[in-house]
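Visitor: I would like to learn how to read a model of this kind. Please take me through it feature by feature.

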Amino acid sequence: MAKQQNKLTDEIEKVLEKSKGFSLKDLLFFYQGTPYPVTVCSAETFQALENLEARRDDMVLVSYPKCGANWLIQLLNDLIFTTSQTKHINTELPFIECGDPEKYQRMKQFPSPRILATHLHYDNLPKSIFKNKAKILVLFRNPKDTAASFFHFYNNVTEVPSYNSWDEFFSEFMSGKVSWGSYFDHAVTWNKHIEDENVMIITYEDLKENLASGVKQIAEFFGFSPTAEQIQFIADRGSFQAMREKSQEIYGSVGPILFRKGAVGDWKNLFTEAQSQEMDAKFKECLGGTKLEANLKYDVHCKA
Ligand SMILES: Nc1ncnc2c1ncn2[C@@H]1O[C@H](COP(=O)(O)OS(=O)(=O)O)[C@@H](OP(=O)(O)O)[C@H]1O
């Protein structure tokens with residue numbers, strides 16, 4: 001088991017090693033109009049992904065980068081483990097669009113239920129997810145903390161290229177010239193589908209407020225029936241402190257950087273008043289009056 005776990009850290013180390021040679025300018029390539037990092041994505045893998053055969057019991061987890069996907073992956077793994085006592089250690093890069101094109105062949109051997117995490121837009125998901133009616137959990141985080149987390153990640157991981165300043169990053173984030181493209185495009189696309197059958201939205205902020213209640217909701221959505229004790233066990237293991245402590249063991253050197261601060265409102269340490277207002281205006285223009293705006297409690301979490 002320990003050997004398999006190391007395989008994931010090996011995969012991450014390989015990506016970091018590959019990242020070393022890149023400048024910011026060369027980091028992104030476009031596939032069907034969206035920028036992705038060349039260090040983990042390729043056109044060949046995207047083409048192979050179209051043929052991924054989803055299963056009815058796959059647990060699809062969608063999020064824009066830095067919204068807490070790795071948190072949710074552990075919660076889902078723990079839900080599977082506590083309720084069925086089966087543990088599958090994923091040795092692949094966790095996101096379905098990342099890695100080599102052969103990964104989908106290897107994934108055919110994975111036992112059910114598989115966790116299919118992705119940062120992709122609705123329109124770019126493999127069609128079999130819809131055809132086979134796999135359930136899709138969409139995780140959102142307010143855009144200000146998302147941007148702050150994204151910036152710190154680039155600037156704290158020594159192997160990946162850094163931005164010259166927060167101002168430079170902010171401007172690239174606002175115009176969608178960052179890995180996986182625009183937060184706002186992602187949000188607008190997913191907002192159209194959050195009431196679809198087999199889709200459930202959950203927010204980072206709500207999970208922070210009451211993790212046990214979030215775990216219960218997620219369990220019900222995916223058809224698990226954990227006891228109150230099991231829910232509490234999963235929530236305890238999923239606290240930021242608990243996950244940060246284990247992050248190096250699971251993710252290698254990047255672990256403590258990935259699990260950086262885990263807070264709501266940290267954006268206030270970076271945003272100028274003008275940047276805050278610019279984002280408020282963009283959010284209003286793209287998502288004002290939507291269900292997603294209400295779910296995100298934008299006025300509570302994004303106003304100083
Ligand atoms: N348990 C728990 N509680 C609270 N917050 C948590 C937790 N686990 C991860 N995180 C925070 O999620 C941010 C990383 O998001 P992702 O895992 O989606 O990153 S990535 O896109 O896959 O690289 C990153 O946010 P920041 O701390 O603001 O940078 C992580 O700290």
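Visitor: What radius of gyration would a compact globule of 304 residues have, and what does the protein have?

Guide: First, note that this is a predicted model. A compact globule with 304 residues would have a radius of gyration near 19 Å, and the protein has 18 Å, so the two agree. Along the principal axes, the C-alpha atoms occupy a box of roughly 50 × 40 × 40 Å.

Visitor: How many helices and strands are there?

Guide: The protein has 17 helices and six strands.

Visitor: What share of the residues is buried?

Guide: Burial is read by counting neighbours: a residue is buried if 20 or more other C-beta atoms lie within 10 Å of its own, and exposed if 12 or fewer do. In the protein, 32% of the 304 residues are buried. As for contacts between residues at least 6 apart in sequence, 74% join residues at least 24 apart.

Visitor: Which residues does a cis peptide bond join?

Guide: To find such a bond, look at the omega angle. Ser 112 and Pro 113 are joined by a cis peptide bond, with omega about -10°. Pro 113 sits in the loop that runs between helix 5 (103-107) and strand 4 (115-118).

Visitor: Where does Gln 32 lie, and is Gln 32 buried or exposed?

Guide: Start with the backbone angle. Gln 32 has a phi near 45°, which is positive although the residue is not glycine. Its place is the loop between strand 1 (28-31) and strand 2 (34-37). Gln 32 counts as exposed because it has 10 C-beta neighbours inside 10 Å.

Visitor: What is the phi of Lys 133, and where is Lys 133 found?

Guide: The phi of Lys 133 is near 55°, again a positive value in a residue other than glycine. Lys 133 belongs to the loop between helix 6 (128-131) and strand 5 (135-140). With 15 other C-beta atoms within 10 Å, Lys 133 is partly exposed.

Visitor: Which residues does Val 38 touch, not counting those up to four places away in sequence?

Guide: For a loop residue, take its place, its neighbour count and its contacts in turn. Val 38 is in the loop between strand 2 and helix 3 (43-49). It counts as partly exposed because 15 C-beta neighbours lie inside 10 Å. Leaving out residues up to four places away, Val 38 touches Leu 27 and Phe 29. Lys 18 is 20 residues away from Val 38 along the chain, and their C-alpha atoms are separated by 9.5 Å.

Visitor: At what angle do helix 7 and helix 8 pack?

Guide: For a helix pair, read the angle and the axis separation, then the residues that meet. Helix 7 (residues 143-156) and helix 8 (residues 166-174) pack at about 125°, and their axes are 10 Å apart. The two helices are therefore oblique to each other, and their crossing is right-handed. Helix 7 contributes Ala 147, Phe 150 and Phe 151 to the contact, while helix 8 contributes Trp 166, Phe 169, Phe 170 and Phe 173. By class, that contact has seven nonpolar residues, no polar and no charged ones.

Visitor: How far apart are the axes of helix 11 and helix 12?

Guide: The axes of helix 11 (residues 211-222) and helix 12 (residues 228-237) are 9 Å apart, with a packing angle of about 120°. That makes helix 11 oblique to helix 12, and the crossing is right-handed. Leu 211, Ala 212, Val 215 and Lys 216 of helix 11 meet Ile 231, Gln 232, Ile 234 and Ala 235 of helix 12. The contact comprises six nonpolar residues, one polar and one charged.

Notes. Residues numbered from 1 in each chain as written. Predicted model: local features only at pLDDT ≥ 70, side-chain atom pairs only at ≥ 80, totals over all residues. Helix = DSSP H or I, 4+ residues; strand = E, 2+ residues; numbered from the N terminus. Rg over C-alpha atoms; globule rule 2.2 N^0.38 Å. Contact = placed C-beta atoms within 7 Å. Axes fitted to C-alpha atoms, helices over the stretch in contact; angles between N-to-C directions. Parallel < 35°, antiparallel > 145°, perpendicular 65-115°, else oblique. Left-handed = near helix turned anticlockwise from the far one by under 90°. Nonpolar A, V, L, I, M, F, W, Y, C, P; charged D, E, K, R; others polar.
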